[in-house]
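My entries follow the structure.

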Amino acid sequence: MSENASLFGDEPAPAEHRPARQAAPQAKAYQPLPERLRPRHLDEVIGQRQLLGEGMPLRVAFETGRLHSMILWGPPGVGKTTLARLLAQAFDAQFISISAVLGGVKEIREAVERAQVAAAQGRRTIVFVDEVHRFNKSQQDAFLPHVESGLFTFIGATTENPSFEVNSALLSRASVHVLKSLDEEDLLALVRRGEVALGCPSFTEAAAKRLVAYADGDARRLLNAVETAAQLAPPGLASIDETQLERALGEQLRRYDKGGEQFYDVISALHKSVRGSDPDAALYWFCRMLDGGVDARYISRRLIRMASEDIGLADPRALRLCLDAADTYERLGSPEGELTLAQAVVYLAIAPKSNAVYTAYKAARALVKQDASRPVPLHLRNAPTRLMKDLGYGHEYRYAHDFPGAFVAGEQYLPDGLEGQRFYEPVPRGLEIRIGDRLAELRRLNAEAGDTED
């Protein structure tokens with residue numbers, strides 16, 4: 001058996017050595033389902049079309065034989081290790097795997113020695129470092145001379161942003177490929193593959209979708225759940241429905257019900273507690289979401305949305321604080337980074353509220369959608385050529401900075417027929433009190449200029 005064969009499971013035993021009944025399942029029984037279904041060929045890979053589709057970077061590498069050092073960045077269970085192994089198989093390369101959690105300089109030195117032996121035999125080597133962000137600067141630097149000399153091809157896998165966690169020197173010598181969470185269609189296909197591999201009752205459509213929601217884009221998590229549910233299914237069961245699935249996976253599935261009614265109810269409760277300016281309730285629902293297994297990155301995106309929708313210009317700092325909290329979480333991860341999100345939750349709850357921009361945006365979108373495509377007034381048009389100037393483009397446009405207060409009273413900026421149309425009306429709270437005063441003054445000056453022209 002070749003060195004790489006063990007990466008994808010042992011070869012089946014010869015027929016004369018197999019037990020008389022159910023030989024194939026028993027030969028692989030010790031392997032968890034995710035390992036049994038690990039793709040052996042590129043065409044078996046599910047998802048990552050942005051990298052493996054026709055003409056995409058990794059597809060080109062496979063097809064042209066141009067192997068390059070790379071960082072595979074993506075969430076857990078999306079195929080980072082699988083792709084690295086498939087590259088080794090495709091190029092008949094020695095595959096050396098190092099865990100940055102368990103390994104160190106000793107393992108790096110051993111990898112270099114093995115690569116040197118393989119090079120002397122005319123064979124390529126791929127050094128795969130799982131969770132490369134766990135290595136410190138000196139450990140990452142240890143790869144540099146060997147990557148530069150071409151002794152081996154370096155492939156690092158990380159769930160963290162490599163811009164923050166991988167040394168710039170190593171990063172400059174490797175391409176970064178971003179892997180995405182598997183979508184619903186991909187995960188449903190994996191459920192069906194799992195059924196076939198296990199020979200178990202099929203999952204009902206509702207149960208399969210529950211599994212997909214539970215997996216949250218993680219193929220390994222999904223297949224482990226499929227295997228657990230299949231193992232605990234009573235004999236003679238025709239199909240595995242949601243009730244049986246809950247019995248098998250228990251509290252974990254019930255609490256983490258992404259895509260289900262409870263999941264969206266808790267999100268709604270958090271959003272409405274923030275909107276209602278109740279920091280205690282907002283913190284409670286925030287913690288309920290974390291306790292239920294919701295990805296903190298998802299929560300951070302919802303907080304950013306709340307800052308725009310419910311606080312707006314009443315306190316523009318809210319949006320910046322949420323962006324900073326999301327960025328800090330990316331740097332710290334869980335559980336330390338969750339505190340910054342809690343800080344954002346409390347700030348949003350106590351901040352002055354305004355949906356004036358949100359309302360104005362929706363009104364403007366609605367008008368544009370149903371209205372005709374009104375022409376841009378001539379004086380607002382760009383005039384880069386002599387012909388355009390002769391046609392009146394930009395004629396009589398008044399440059400605001402040439403006027404007192406950088407404001408041209410009475411100037412028309414909306415298309416003809418929409419003069420005087422208003423979308424944005426500030427609320428009398430927070431910074432929008434001052435914005436409202438300023439807007440009222442500008443509108444007064446516009447009205448006076450209109451009266452003068454009449």
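**Entry 1: a tyrosine in a loop.** I looked up tyrosine 397 and found it in the loop between α22 (386–390) and α23 (432–453). Helices (H or I, at least four residues) and strands (E, at least two) are DSSP runs, numbered from the N terminus. Tyrosine 397 has a relative accessible area of 41%, so I noted it as partly exposed. Buried means under 20% relative accessible area, exposed over 50%, and partly exposed in between (1.4 Å probe, protein chains only).

**Entry 2: ground rules.** This is a predicted model: local features need pLDDT of at least 70, side-chain atom pairs count only at pLDDT 80 or more, and totals for chains, interfaces and linings use all residues. Residues are numbered from 1 along each chain as its sequence is written, and side-chain values use heavy atoms, with hydrogens and water left out.

**Entry 3: ring pairs.** How many aromatic pairs are there? I got 5. Rings of Phe, Tyr and Trp (its six-membered ring) pair if their centres lie within 6.5 Å; planes under 30 degrees apart count as stacked, over 60 as edge-to-face and the rest as tilted. Phenylalanine 95 and phenylalanine 128 have ring centres 5.8 Å apart and planes at 25°, so I logged the pair as stacked. Phenylalanine 95 is in strand β2 (residues 94–99) and phenylalanine 128 in strand β3 (residues 125–130), so their pair ties together parts 33 residues apart in sequence. Phenylalanine 95 is buried at 8% relative accessibility. Phenylalanine 128 is buried too, at 1%.

Next I checked phenylalanine 143 and phenylalanine 152. Their ring centres are 6.3 Å apart and their planes stand at 80°, so this pair is edge-to-face. Phenylalanine 143 is buried at 1%, and phenylalanine 152 is buried at 3%. Ring pairs join Phe135, Phe143, Phe152 and Phe154 in a cluster.

**Entry 4: charges over rings.** A charge sits over a ring if NZ of Lys or CZ of Arg is within 6 Å of the ring centre and within 35 degrees of the ring normal. Arginine 331 lies over the face of phenylalanine 164, 4.1 Å from the ring centre. Arginine 381 has its charged end over the ring of tyrosine 393, 5.0 Å from the centre.

**Entry 5: backbone.** Most residues other than glycine have a negative phi, and most peptide bonds are trans. Which bond is cis? I found one joining serine 334 and proline 335, with omega about 0°. Proline 335 sits in the loop between α19 (317–332) and α20 (338–350). Serine 277 is not a glycine, yet its phi is positive, about 60°.
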